[in-house]
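Subject: Structure for you to look at, with notes

Dear colleague,

I am handing over the structure below, together with an account of what was found in it. Please read the notes with the structure open beside them.

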Amino acid sequence: MSVINSSAQLDRYCVFGNPIQHSKSPAIHAMFASQTGQTLEYSARLAPLDSFVPSVQQFIAEGGKGANVTVPFKLEAYALANHLSERAAIAGAVNTLTFSDGVIVGDNTDGVGLVRDITENAKTAIVGRRILLLGAGGAARGALLPLLAQQPASLTIANRTISKAEDLVQLAHATKTYRGEIEAKTWQDLNGSFDVIINATSASLQSEVPPIPYTVFADTSFAYDMMYSDGQTSFNRYAEQAGARTRDGLGMLLEQAAEAFFIWRGVRPQTAPLFAHFRTKGS
Ligand code: ATR
């Protein structure tokens with residue numbers, strides 16, 4: 001989908017992925033463009049698995065101004081960028097590219113999208129709270145710096161493979177900006193409850209739930225699954241049974257897109273109308 005305009009030289013953007021046909025990004029950016037009165041074109045581009053870089057170069061040659069990058073190319077986009085934002089450098093992955101005067105700038109808007117959805121849309125504070133992050137793969141790593149920037153009282157990272165959680169703890173120490181506690185744990189070592197529990201594992205994709213004890217959830221806890229789904233995700237069902245309030249990742253998807261739009265266009269679109277639209281249509 002694209003925003004049609006009669007002017008010949010539309011600013012062009014796209015999302016690269018493989019597969020890409022189910023991406024909501026073209027519809028999201030078309031809605032942002034119409035909402036903010038911006039004139040642009042945004043398309044979905046299927047990059048062959050072995051040809052991400054040539055696909056980007058081709059798009060730049062065609063006059064592309066920027067691109068989003070989704071599975072499985074975020075690491076290749078990170079390697080391709082000539083310049084990285086701090087949050088992309090810490091994430092080790094790039095989901096937003098900007099092409100400007102021959103320079104490829106890489107950013108990662110996933111983590112800030114998550115934090116904004118929790119703090120602004122779901123009105124749930126992270127500052128001063130006990131946070132449990134489940135998972136230590138790309139999604140968790142992308143969330144790390146924006147979460148720490150909120151200065152939670154503590155951040156516990158739990159993962160099936162403990163060494164990967166320990167690596168994230170080391171990375172967090174290296175940022176030197178976080179003043180609270182940070183620790184790595186296995187599922188079975190978890191004890192006590194947390195204020196905010198974020199599922200950054202890909203377990204929900206297989207309708208599985210990380211085997212965490214019910215006791216991590218208090219009835220005041222807020223549980224967030226980065227995955228989104230038409231119905232309830234398996235993690236959110238589990239959290240609700242334990243008494244927690246829940247939210248899935250639709251808002252994060254919209255917020256990461258809004259941040260990319262802001263980087264490219266200097267205008268911050270509103271996500272609430274899109275949230276209502278996609279929730280009603282089924283996400
Ligand atoms: P992503 O980019 O989505 O984060 P990833 O980098 O492959 O994907 O990371 C997947 C994360 O989900 C990892 O933390 C993984 O645990 P391991 O590090 O032990 O592999 C976690 N994960 C995947 N399937 C899981 C499952 N069924 N139960 C619990 N954790 C799971």
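Helices in these notes are DSSP runs of at least four residues and strands are DSSP runs of at least two, both numbered from the N terminus. Please keep in mind throughout that this is a predicted model.

I begin with the annotated position. In an unreviewed entry, UniProt lists Lys74 under "active site", and in the model Lys74 is placed in helix H3, which covers residues 74-80. Is Lys74 buried or exposed? A residue is taken as buried when 20 or more other C-beta atoms lie within 10 Å of its own, and because Lys74 has 24 of them within that distance, Lys74 is buried. Leaving aside residues up to four places away in sequence, Lys74 touches Val69, Ala93, Val94, Asn95 and Gly138.

The loop between E3 and H3 contains Pro72, and the peptide bond that joins Val71 to Pro72 is cis, with omega about 5 degrees. A cis peptide bond also joins Asn18 and Pro19, again with omega about 5 degrees; Pro19 lies in the loop that runs between strand E1 (11-17) and helix H1 (25-36).

Next, the domains. The assignment divides the chain into domain 1, residues 11-108, and domain 2, residues 111-249, and the C-alpha centres of the two are 27 Å apart. Across the boundary, 8 residues of domain 1 are in contact with 10 residues of domain 2. On the side of domain 1 that touches domain 2, helix H4 (residues 86-91) gives the most, with 4 residues, and by class that side is made up of 3 nonpolar, 2 polar and 3 charged residues.

Some antiparallel pairing may also interest you. Strand E3 (residues 64-69) pairs with strand E5 (residues 96-100) in the antiparallel sense over 3 bridges, and Gly66 stands opposite Thr98 in E5. E5 in turn pairs with strand E6 (residues 103-107), also in the antiparallel sense, over 5 bridges, with Ile104 in E6 as the bridge partner of Phe99. E5 and E6 form a hairpin with 2 residues between them, and in its turn Asp101 has a positive phi of about 50 degrees.

A further sheet is open and has 6 strands in the order E9-E8-E7-E10-E11-E12, with parallel pairing. Strand E9 (181-185) and strand E12 (245-247) stand at its edges; each has a single partner strand, so one side of each is left without a neighbour in the sheet. Neighbouring strands of this sheet are turned against each other by 15 degrees on average, with direction ignored. Helix H6 (residues 138-149) packs on the sheet, where H6 touches strand E7 (130-134), strand E8 (154-158) and strand E10 (194-199), and the direction of H6 makes about 165 degrees with that of E7.

Although E12 is an edge strand, Thr246 is buried, because 21 other C-beta atoms lie within 10 Å. From Thr246 to Ser154 there are 92 residues in sequence and 20 Å in space, C-alpha to C-alpha.

Gln151, in the loop between H6 and E8, has a phi near 55 degrees, a positive value in a residue other than glycine; with 15 C-beta neighbours inside 10 Å, Gln151 counts as partly exposed. Lys176, in the loop between helix H7 (162-175) and E9, has a positive phi of about 60 degrees although Lys176 is not a glycine, and because Lys176 has 7 C-beta neighbours inside 10 Å, Lys176 counts as exposed.

With best regards

Conventions:
Residues are numbered from 1 along each chain as its sequence is written. This is a predicted model: local features need pLDDT of at least 70, side-chain atom pairs count only at pLDDT 80 or more; totals for chains, interfaces and linings use all residues. UniProt positions are given in the numbering used here, feature names are shortened, and annotations may be inferred rather than shown by experiment. A residue is buried if 20 or more other C-beta atoms lie within 10 Å of its own, exposed if 12 or fewer, and partly exposed in between; C-beta atoms are placed from the backbone. Two residues are in contact if their C-beta atoms, placed from the backbone, lie within 7 Å. Two strands pair if DSSP finds at least two bridges between them. Axes are lines fitted to C-alpha atoms, for helices over the stretch in contact, and angles run from 0 to 180 degrees between N-to-C directions. Domain bounds come from an automatic or database domain assignment. Ala, Val, Leu, Ile, Met, Phe, Trp, Tyr, Cys and Pro count as nonpolar, Asp, Glu, Lys and Arg as charged, and the others, Gly among them, as polar.
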